[in-house]
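Have your viewer ready and follow along, one selection at a time. Each stop says what to pick and what you will find there.

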Amino acid sequence: MAENGEQRGEQCVRTEKELPVLFGDFTSKESWDHFFAARGAGNFSEWYADWTQLRTLLRNHLSFPPSAPPPEELSILVPACGNSRLSEHLYDDGFRNIINVDFSREVISVMMRRNLRDRPEMRWRVMDMTDMQLSNGTFEAIIDKGGLDALMEPDIDPRLGTIYLSEAKRLLKAGGKYICLTLAESHVLGLLFRKFRFGWKVNLHAVAQEPSSGTTKQRAFMFVAEKYILTVISQISFMDEYSVESHGNQVQELFEALERENTVRAEYSNETKSCYSLKDLKQGVQGNIGVLEPGRGINLFLGETGVSRFFYSCLLLDAHPLARPFSDQYRVLFIHSMQMFQRLLASNVRPWVLAVGQSAARLLIVALDANHNVLPIEIVNDIFRFIEQLAPGDDIKKAKVEVTHADEGYKQQKIVSKVTSTLSGPIAIDDVIYFNPPGDIPNTHDKSKDIIFRRLRFGRTEAFAQSEALLSTQVQNKKVPADSGTLKKGKLRMVESQPSDSQASSGDTKVDHKYLRSGHDKGKISGLLLFSIHSKRTTSAGRLVKTVIIGLGAGLLPMCMRNYVPTLKIEVVESDPVVLNVAKEYFGFEEDDCLKVHITDAMKFVKERAEGHNSSKIDVLIIDVDSSDSSSGLISPEAEFVEEPFLLAAKDSLSDKGLFILMFATCYPGVRAAAYSKLQTVFSSNLFIMHVDKGFSEIIFALKMDSPVIGEEELAQACEALRRSLEHNNGEWVKRALDDSKKIEPLSKS
């Protein structure tokens, strides 16, 4: 086909000097429009490989099971299509259901005109690959030929590749495949490995080289990730018929990276709980599934490649008999939060308490995350053929299935605002009134008055509410500004706040920046106080303590820290300017001389501090971000923050008596053990832990100094010293800080 095209006057761009980098950067629409306009409709560009090199590999991976659609119906997305003939070859080979997207209007116009007559069913859309306006679970395959590589150029914002891969994963159906043609440079490969761990089957192929090909001198590779079961992590297979030696350094480096990644995957898979399919259960691996067995709990997944739109993580519970009759024989409960579901899996008690509350002899709990963001009726229709087969009894056609959705325990909800960010995706702000509010809210003597919380929720993350702020109509308290001229060396000041009107308004309500609902946030401040007292380090020659927080959210943690610990000079690193605007407009976040926000990449910021002069070193570094990707196996933080390169940079960024604080949560023992091991490698001696949220998650504290080693006795002495330093402060906040500080203990060696 390519040869015939060239005979008709078409010409393939093959040399590096003809690529659009000469016209500007790879993420500029104007650069690409200029490039494609200069080439015209008669030319085409093939990066990395021609159709003859790719056809067999692609057809093998696009051959779905018999239940899947035939090739002409198989839905394929080609992002950043450019003027490559890849889509045309696929179409001519029998794959007719293809959507091509590119943000260059110029090239989409050219390609539409070129294919209108010969390939009328092919579709073309002007669309940014990092923000594709397409429905979740739409495609059986996504074929990316160089698009990710272009986004991952060293001088380009590193977040763009992450955002694009999140989009690609969102758009794939159950069993769908992301097929990426790449040069497999280390930073690209590292991102692909991290983003396709739990819930993906991964293969890597070397693309055959031909003497005629050559837009680059490097070898091209095909990375294939198949959407699978969330709880499964598998080794990556590399398939290449040639020897490593014949490919030189490029393939040698790839093999080394692959070996490291498979080692990580082996560690992560340790102690992972078994998860069964519907087929397994029908074969009796957990007893007779048609008969109720009180006390039986089974982790399972539902969904099937080529049949369902999504996979579903589930927990099946056969309840113990109750004093009263069950309301239903079989009930299906949808939980709209993977984080909430993982908390259930991590507990031996919570699932059964939930089962009692549902009053069903058999309860099937189905977890939904950001990828299932479609209408509830679409979810029920997609999964119903599977859930009805789990009904107890002999005749599933006569079984009655009660379907319900778990609420979040609130009796009233008001949507305050919804915004969309290119970096963070959909962001929602709502006000809720809970049936059973927390019992530690100050000044709530009138029990008849409703307590309102304002929540910040990110659509791309799976944490249900990233931040929750207490709203109050009462007179608020104001921070006492720190007077640096009166600070005493070695004394970390903690104060009860005074009246203020510097709070965020919402009608007659204001955000109370004295109150933190999150046990994580309270624990971070308690640990900061404890280790500052122990090291007798709050100031250096009377200066403020340099504190950096990675992740802003609603800004509740830095605002509360500023109020109660005025000896801190706080810098917050946030990647998304939209998040900063939301924090200011809806949560009363304010910057001043002692509280500043940097809109930048966290990795870059910490690395610069690590390489900087002593005057730029950090006294306290806090990582306060949730994971946006369930395939990492982490709920918090993002996977990069527990990798050795970042941990080493974090340690180097600290002052001599610096403190590193990390919020950490996962439901996978292997992931936890691997993270602990890396932390112990970097911070060899003084590592500590505080368990929060009933043991589901934890806060890690690490001191830069390796000696003297702090044991339990020294921690107890520090707690007593902290109590004495705060004995003249009688507020509830002080009492909570002292109580929490006693929960901190050394992290045991693995």
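Across the protein chain the mean pLDDT is 81, and 80% of the residues reach 70 or more. Now select residues 1-24: pLDDT is below 50 here, and the stretch has 51 contacts in the model beyond near neighbours in sequence.

Some ground rules before moving on. This is a predicted model, in which local features need pLDDT of at least 70 and side-chain atom pairs count only at pLDDT 80 or more, while totals for chains, interfaces and linings use all residues. Residues are numbered from 1 along each chain as its sequence is written, and side-chain values use heavy atoms, with hydrogens and water left out.

Go to helix α5, residues 105-115. Helices here are DSSP runs of H or I with at least four residues, strands are runs of E with at least two, and both are numbered from the N terminus. Which residues of α5 are buried? Select V107, I108, V110, M111, R114 and N115; buried means under 20% relative accessible area, exposed over 50% and partly exposed in between, with a 1.4 Å probe and protein chains only. These residues cover an arc of only 160 degrees around the axis, which puts them on the same side of α5. The arc is that of the directions from the helix axis to the C-beta atoms. Turn to the other side of α5 and you will see R105 and R113, which are exposed.

Next, select helix α16, residues 577-587, and colour its buried residues: V579, L580, V582, A583, Y586 and F587. Look down the axis of α16: these buried residues fall within an arc of 165 degrees, so they line one face of the helix. At the start of α16, zoom in on D576, where a side-chain oxygen reaches to within 2.9 Å of the backbone nitrogen of V578. Just after α16 comes G588, with a positive phi of about 70 degrees.

Now for the aromatic residues. A search of the whole structure finds 17 aromatic pairs, where rings of Phe, Tyr and Trp (its six-membered ring) pair if their centres lie within 6.5 Å; planes under 30 degrees apart count as stacked, over 60 as edge-to-face and the rest as tilted. Select F198 and Y668, a stacked pair at 4.1 Å centre to centre with 20 degrees between the planes. This pair links distant parts of the chain, 470 residues apart: F198 is in the loop between α8 (186-195) and β8 (200-206), and Y668 is in the loop between β28 (654-665) and α19 (669-682). F198 is buried, at 1% relative accessible area, and Y668 is buried too, at 5%.

Move to Y228 and F301, whose ring centres are 6.3 Å apart with planes at 55 degrees, so this pair is tilted. Here 73 residues separate Y228, in the loop between β9 (221-227) and β10 (237-239), from F301 in strand β11 (residues 297-302). Y228 is partly exposed, at 25% relative accessibility, whereas F301 is buried, at 10%.

A charge sits over a ring if NZ of Lys or CZ of Arg is within 6 Å of the ring centre and within 35 degrees of the ring normal. For another example, select R517, which lies over the face of F453 at 5.1 Å from the ring centre. To finish with rings, select Y164, Y178, F196, W200 and F223 together: they form one aromatic cluster.

**Backbone stops**

Most residues other than glycine have a negative phi, and most peptide bonds are trans. With that in mind, select A184, where phi is near 60 degrees. A184 sits in the loop between β7 (172-182) and α8 and is buried, at 11% relative accessible area.

What is the phi of S359? It is near 50 degrees, again a positive value in a residue other than glycine. S359 is in the loop between α12 and β14 (360-367) and is buried, at 5%. Step back to Q358 in helix α12 (residues 350-358), which is buried at 19% relative accessibility. Leaving aside neighbours within four places in sequence, Q358 is in contact with R331, L333, L363 and T404.

For the last stop, select S636 and P637: the peptide bond from S636 to P637 is cis, with omega near -5 degrees. P637 lies in the loop between β27 (618-623) and α18 (644-653).

Methods
Contact = heavy atoms within 4.5 Å. Polar contact = N/O pair within 3.5 Å; in protein donor to acceptor, adjacent residues only side chain to side chain. pLDDT = per-residue confidence, 0-100.
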